Amino acid sequence: MTRATWQPRPDDAETLRRFFGKDGRLLTIPSKHVKKLVVLNQLAQSFEPGKVYPEREVNEILRRFHEDVAALRRYLYEEGFMMREGGYYWRDGGSVDV
């Protein structure tokens, strides 16, 4: 698996407005791959780089955004935003504020 390198695009803000409600919850998981990557990058911001999270904690964080935490966790892993081993996860991609 390769790390997800993310280059923000000008229309990312519009994608985020369309898929996240005013309460910050994800309205729906995008089916279009490019839009899904924008959403996953946003979700990855909830995880501190360098910190290791047990699956239970990953689920708690993701549940703040959407009830289907298993799908979100799987997408974050499959797209390289997070890595996992032995029930533990860590952020391994996405944009980083500097």
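Predicted model: local features only at pLDDT ≥ 70, side-chain atom pairs only at ≥ 80, totals over all residues.
Which residue lies over the face of Tyr75? Arg74 does, at 5.1 Å from the ring centre.

Now step back to the whole chain. The protein chain has four helices and three strands. Starting at the N terminus, the elements follow the order α-α-β-α-α-β-β. The chain has 98 residues, and 43% of them count as buried. Take the contacts with a separation of 6 or more: 55% of them are accounted for by residues 24 or more positions apart.

Next come the helices. Two packed helices are described by the angle between their axes and the distance between the axes. Begin with helix 1, residues 12-19, and helix 2, residues 33-44. Their axes come within 10 Å and cross at roughly 80°. Angles of 65 to 115 degrees count as roughly perpendicular, so helix 1 is roughly perpendicular to helix 2. Which residues make this contact? Helix 1 brings Asp12, Thr15, Leu16, Arg18 and Phe19. Helix 2 brings Lys35, Val38, Val39 and Gln42. By class, the contact of helix 1 with helix 2 has four nonpolar, two polar and three charged residues.

Turn to helix 3 and helix 4. These two pack at an angle of about 110°, with their axes 9 Å apart. Helix 3 and helix 4 are therefore roughly perpendicular to each other. From helix 3, the contact takes in Glu55, Val58, Asn59, Leu62 and Arg63. From helix 4, it takes in Val69, Leu72, Arg73 and Leu76. The residues of the contact of helix 3 with helix 4 divide into five nonpolar, one polar and three charged.

Is Asn59 buried or exposed? Asn59 counts as buried, because its relative accessibility is 16% and the cut-off for buried is under 20%. Leaving aside residues up to four places away in sequence, Asn59 touches Val69 and Arg73. Both of these residues belong to the helix 4 side of the contact.

The aromatic rings come last. A pair of aromatic rings is described by the distance of the centres and the angle of the planes. How many aromatic pairs does the structure hold? It holds two. In one of them, the rings of Phe20 and Phe65 have their centres 6.4 Å apart. Their planes stand at 85°, so the pair is edge-to-face. Where do these two residues sit? Phe20 lies in the loop between helix 1 and helix 2. Phe65 lies in the loop between helix 3 and helix 4, the latter being residues 69-78. The pair therefore ties together parts that are 45 residues apart in sequence. Both Phe20 and Phe65 are buried.

Phe47 and Tyr53 also form an aromatic pair. Their rings lie 5.2 Å apart, centre to centre, with 90° between the planes, and this pair is edge-to-face. Phe47 counts as buried, at 1% relative accessibility. Tyr53 is buried as well, with a relative accessible area of 3%.

Methods
Residues numbered from 1 in each chain as written. Heavy atoms only, no water. Buried < 20%, exposed > 50% of the residue type's maximum accessible area, 1.4 Å probe, protein only. Contact = heavy atoms within 4.5 Å. Axes fitted to C-alpha atoms, helices over the stretch in contact; angles between N-to-C directions. Parallel < 35°, antiparallel > 145°, perpendicular 65-115°, else oblique. Nonpolar A, V, L, I, M, F, W, Y, C, P; charged D, E, K, R; others polar. Phe/Tyr/Trp six-rings, centres within 6.5 Å; stacked < 30°, edge-to-face > 60°. Lys NZ or Arg CZ within 6 Å of the ring centre and 35° of its normal.
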